[in-house]
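I am opening my notebook on this structure. I will look things up one at a time and write down what I find.

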Amino acid sequence: MPEAPEDEVFLEVIEKTKHEDERCLKEPFQASLQIFPSAFAEGTPKRDYTTATADCSLFDPSLEPIPEAYSPRRWDATKAATSKYAPIRHLLRPTTPGSLHAVIRGKLMAIACGHHCMTIHWGLEAQLIVVTVEQLQELITCDTPGPNLDRKKAQRLRSFRVPEHFRELHSNPSTKDRLLTVMAAFVGVKHAFLIVDHSRLVRFHIQSRNEVWTAEDLSPNSKTWEGLWSCFNGGPDWLYELPQALQELDRWRQLNLDDSSCHGISILQAMSTADDAEGRFFASFGRHTINDALHHVELHPGMPAAEICADDTLYEAFKAGLAEYMQQFRSAKFRRLVCNRPNTSNPFTFQASLDARYSATYMTVFRKATVRISIPKYNRMLSLGLFDPEHTIGEPYIAKPEHIVTDLDRQYIEAPVLHLTDSLDTYTIIRAKIPTRPGWAAGTVKPAKDHRLDGYKTTIGPANFMATKSNKLNASAALEAVKGKPGRKPKVKNAPGMAGRPRKIPTVAALEKLAQSEERIQQRADATWERWDKRFGPLICPPASGKENAAAPEEAGTISSRTRSNKRSSEDAGSLSLIDVSNILSSKRRRTN
């Protein structure tokens with residue numbers, strides 16, 4: 001689901017679009033809320049599901065009278081007539097425009113304009129898309145039954161057919177009739193912000209009141225702040241409310257120390273679920289950011305949260321590491337690299353360059369086959385024995401001298417990523433065995449599959465959503481179409497008003513390289529596994545229970561020639577202590593200086 005990084009991208013895109021429109025129109029940006037109840041989920045007889053709830057107890061509907069010639073869309077009115085969605089009926093009429101304000105907290109976002117404020121829980125695959133008002137009107141003129149197998153239900157779960165000219169040439173060949181499920185829109189004079197979710201799992205709560213919402217109402221110091229997030233049990237944001245988030249983390253630690261029932265919970269599980277009546281402790285974290293944050297602080301995901309809380313030094317390092325990890329998503333570099341709209345007139349263009357930058361810079365172990373780690377980080381983890389499959393985490397360890405990287409000109413080393421399946425379902429580069437103490441969690445180990453090998457499936461990052469990823473270039477098809485064609489390629493111009501360089505038409509050589517990219521990713525991952533198995537020895541899969549396995553390596557689940565092409569072998573050499581590691585690095589530094 002969209003997490004703190006994606007939320008930050010959505011927020012920055014909103015602010016940039018507002019600024020562009022204000023500069024162009026010479027007036028403050030104003031928008032009105034429009035909802036599309038025909039797209040709202042209905043749930044099943046076994047499990048109810050409600051897309052939208054509303055609180056209009058402080059709102060007088062006479063402030064937004066219904067125009068004489070106006071009538072709501074047929075399927076919107078039908079859905080709003082049900083008892084489940086009765087609270088949102090007052091939003092079927094045209095709403096009063098007002099200044100648009102947006103804020104994020106954790107994985108939630110609140111957008112307000114006029115008399116209404118919407119708090120959004122993105123669910124699994126919801127996203128924010130910017131379109132022109134003309135494009136919005138074109139999209140909503142052709143609604144169609146959704147893809148539900150039940151024909152009667154599909155009639156009630158409407159989607160909009162995407163016009164053919166929004167479909168990129170040589171893109172996803174399997175989606176012949178592309179549909180767009182628009183749940184709501186904030187419509188300005190020039191641009192509109194769409195809330196889109198083909199899985200219909202997005203949820204939002206709308207608060208309507210007689211007073212117009214202002215920027216002050218959406219600030220952390222306002223009286224309305226906590227009420228914006230209470231419907232989804234929000235908590236302090238690790239980007240914008242860091243002091244409060246760290247204070248809540250201290251309270252979480254004390255709860256863990258006081259409650260023995262928490263002692264069997266892994267840190268991965270704790271960061272995923274920890275909350276109480278006052279909110280979530282790790283509100284900004286999701287699966288991606290939890291896995292990558294634990295990699296950043298060099299902790300095994302199956303480590304008991306209680307052991308971290310009980311050790312002052314370990315807890316302080318954990319606390320500082322989480323804060324440091326999350327603050328990168330608020331940096332100017334992050335906004336420059338990934339917080340951008342497509343520089344074409346097609347709002348559904350797949351931003352391949354943005355996706356590549358995000359994957360390379362802001363994804364480390366989660367759904368990655370390999371990861372580059374800095375030399376200091378490598379030597380530090382090496383000194384703790386975290387890469388040795390024969391070592392048990394936490395026990396004394398002496399590193400082999402030939403494993404230490406002393407080349408001061410080398411910036412990084414590439415490491416293979418392990419996917420721990422079963423109950424953990426997590427990613428790490430730690431290869432050492434877990435202790436036999438109670439509370440430690442393990443999983444069946446296998447090489448991680450890189451998310452870039454998933455074709456047109458939605459994965460991770462601000463570019464990887466269904467509506468835009470369907471337009472990802474099929475390099476093989478494009479190569480077949482252009483290879484051998486004579487003549488100069490046509491010039492490409494930006495969409496009117498769009499800044500930046502125009503998109504380049506890929507050359508035959510670029511298409512050939514792109515068509516082989518997935519194969520190269522897999523070859524690179526296999527080669528990395530080979531190097532590490534040769535250096536540290538073949539990896540032995542720990543049992544799911546986390547207990548020591550006395551069986552032979554092959555019986556214990558060794559990842560060997562059965563899962564990769566060549567056998568692994570361990571190296572025999574002398575040993576070196578952590579102090580010796582430091583001395584070698586210092587000596588090397590003195591020689592270079």
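**Two helix pairs**

I started with helix α8 and helix α10, and found that α8 passes α10 in a right-handed crossing. I had to keep in mind that I am looking at a predicted model. I then looked up who makes the contact. From α8 come H288, T289, D292, A293, L294 and H296, and from α10 come F318, G321, L322, E324 and Y325. I sorted these residues by class and got 5 nonpolar, 4 polar and 2 charged.

Next came the geometry. Two packed helices are described by the angle between their axes and the distance between the axes. For α8 (residues 287-296) and α10 (residues 312-327), the axes come within 9 Å and cross at roughly 125 degrees. I therefore noted α8 and α10 as oblique to each other.

I wanted a second pair. I took helix α15 (residues 475-482) and helix α16 (residues 508-515). Their axes come within 8 Å, and the crossing is at roughly 150 degrees. Angles over 145 degrees count as roughly antiparallel. That is why I wrote down α15 and α16 as roughly antiparallel to each other. The crossing of α15 past α16 is left-handed. On the α15 side I listed A475, S476, A478, L479 and V482; they meet V508, L511, E512, L514 and A515 in α16. By class, I noted 8 nonpolar, 1 polar and 1 charged residues in the contact of α15 with α16.

I moved on to the strands. In a regular strand the side chains alternate between the two faces of the sheet. I checked both faces of β4. H101, V103 and R105 lie on one side, A102 and I104 on the other, and all are buried. With 5 of the 5 residues of β4 (residues 101-105) buried, I noted that β4 is largely enclosed by the rest of the structure.

How many bridges join β4 to strand β5? I found 5, and the two strands run antiparallel. A102 stands opposite I111 in β5. I also looked at the turn. β4 and β5 form a hairpin with 2 residues between them, and G106 in that turn has a positive phi of about 65 degrees.

Then I followed β5 itself. L108, A110 and A112 point one way, M109, I111 and C113 the other way, and all are buried. Since 6 of the 6 residues of β5 are buried, β5 is largely enclosed by the rest of the structure.

Which way does β5 pair with strand β6 (residues 116-121), parallel or antiparallel? I found the antiparallel sense, over 6 bridges. C113 stands opposite H116 in β6. β5 and β6 form a hairpin with 2 residues between them, and here G114 in the turn has a positive phi of about 65 degrees.

**An open sheet and its helices**

I traced an open sheet of 5 strands. Its order is β3-β1-β11-β12-β7, with antiparallel pairing. β3 (98-99) and β7 (127-132) stand at the edges, each with a single partner strand, so one side of each is left without a neighbour in the sheet.

Strand β1 (residues 30-35) is joined to β3 by 2 bridges, and they run antiparallel. I noted A31 opposite G98 in β3.

Two helices came next. Helix α1 (residues 4-25) lies across β7 and β12 (191-196) and runs at about 15 degrees to β7. Helix α3 (residues 133-140) packs on the sheet and touches β1, β7, β11 (182-187) and β12; its direction makes about 110 degrees with that of β7.

**Two loop residues**

I picked T51, found in the loop between β1 and β2 (52-58). Is T51 buried or exposed? I found a relative accessible area of 1%, so T51 is buried. I left aside neighbours within four places in sequence and listed its contacts: F40, A41, Y85, M183, R200, V202, R203 and F204.

My other pick was P538, in the loop between α17 (517-536) and β21 (539-540). At 26% relative accessibility, P538 counts as partly exposed. I also looked up P389, which is 149 residues from P538 along the chain; their C-alpha atoms are separated by 7.3 Å.

**The whole chain**

I ended with totals. The chain has 18 helices and 22 strands. Of its 593 residues, 51% are buried. Among contacts between residues at least 6 apart in sequence, I noted that 74% join residues at least 24 apart.

Methods:
Residues numbered from 1 in each chain as written. Predicted model: local features only at pLDDT ≥ 70, side-chain atom pairs only at ≥ 80, totals over all residues. Heavy atoms only, no water. Axes fitted to C-alpha atoms, helices over the stretch in contact; angles between N-to-C directions. Helix = DSSP H or I, 4+ residues; strand = E, 2+ residues; numbered from the N terminus. Parallel < 35°, antiparallel > 145°, perpendicular 65-115°, else oblique. Left-handed = near helix turned anticlockwise from the far one by under 90°. Contact = heavy atoms within 4.5 Å. Nonpolar A, V, L, I, M, F, W, Y, C, P; charged D, E, K, R; others polar. Buried < 20%, exposed > 50% of the residue type's maximum accessible area, 1.4 Å probe, protein only. Pairing = 2+ DSSP bridges.
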